[in-house]
Amino acid sequence: STSTIFFDLKSIQELADGHEFARGEETASEAGFGILSLKMASTGPMYTVQLLPLVKVWHESDKVRTSCSCNYSKKGICRHTAATMISILNREE
């Protein structure tokens with residue numbers, strides 16, 4: 001099913017540090033932010049958002065996988081990825 005969610009707010013908080021999560025929440029609540037595409041991959045749904053940078057979120061081998069084209073190099077996920085994941089959860093609600 002394309003509506004299957006494989007993460008929740010708690011898991012997003014665990015993937016991001018506090019600052020990146022807070023910035024992600026701000027970005028997700030901004031007007032005009034939204035999912036541009038949802039496609040089915042062999043492992044399930046893959047969500048893609050064009051924020052500048054490009055963010056992808058998908059499920060693979062029972063884990064959440066993400067990629068972002070920004071230059072974030074610290075541990076965990078960046079604010080763009082956190083915002084995308086929060087936006088996906090908000091759309092499902």
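**View 1. Salt bridge between R65 and E60.** The side chains of R65 and E60 meet in a salt bridge with an N to O distance of 3.9 Å; a salt bridge here is a side-chain nitrogen of Lys or Arg within 4 Å of a carboxyl oxygen of Asp or Glu. R65 has a relative accessibility of 31% and is partly exposed, and E60, at 32%, is also partly exposed. These classes use a 1.4 Å probe and protein chains only: buried is under 20% relative accessible area, exposed is over 50%, and partly exposed lies in between. The model is predicted, so local features need pLDDT of at least 70 and side-chain atom pairs count only at pLDDT 80 or more, while totals for chains, interfaces and linings use all residues. Residues are numbered from 1 along each chain as its sequence is written, and side-chain values use heavy atoms, leaving out hydrogens and water.

**View 2. Salt bridge between R79 and E20.** The closest N and O atoms of R79 and E20 are 3.2 Å apart. The pair ties together parts 59 residues apart in sequence, because R79 lies in helix α3 (residues 79-92) and E20 in helix α2 (residues 18-29). Helices are DSSP runs of H or I with at least four residues, numbered from the N terminus. E20 is buried, with 5% relative accessibility.

**View 3. Salt bridge between E26 and R23.** Here the closest N and O atoms are 3.7 Å apart. E26 and R23 both belong to helix α2 and are 3 residues apart, which means a separation of about one helical turn. E26 is partly exposed at 45% relative accessible area, and R23 is partly exposed at 32%. The structure holds 4 salt bridges.

Conventions:
Helices (H or I, at least four residues) and strands (E, at least two) are DSSP runs, numbered from the N terminus.
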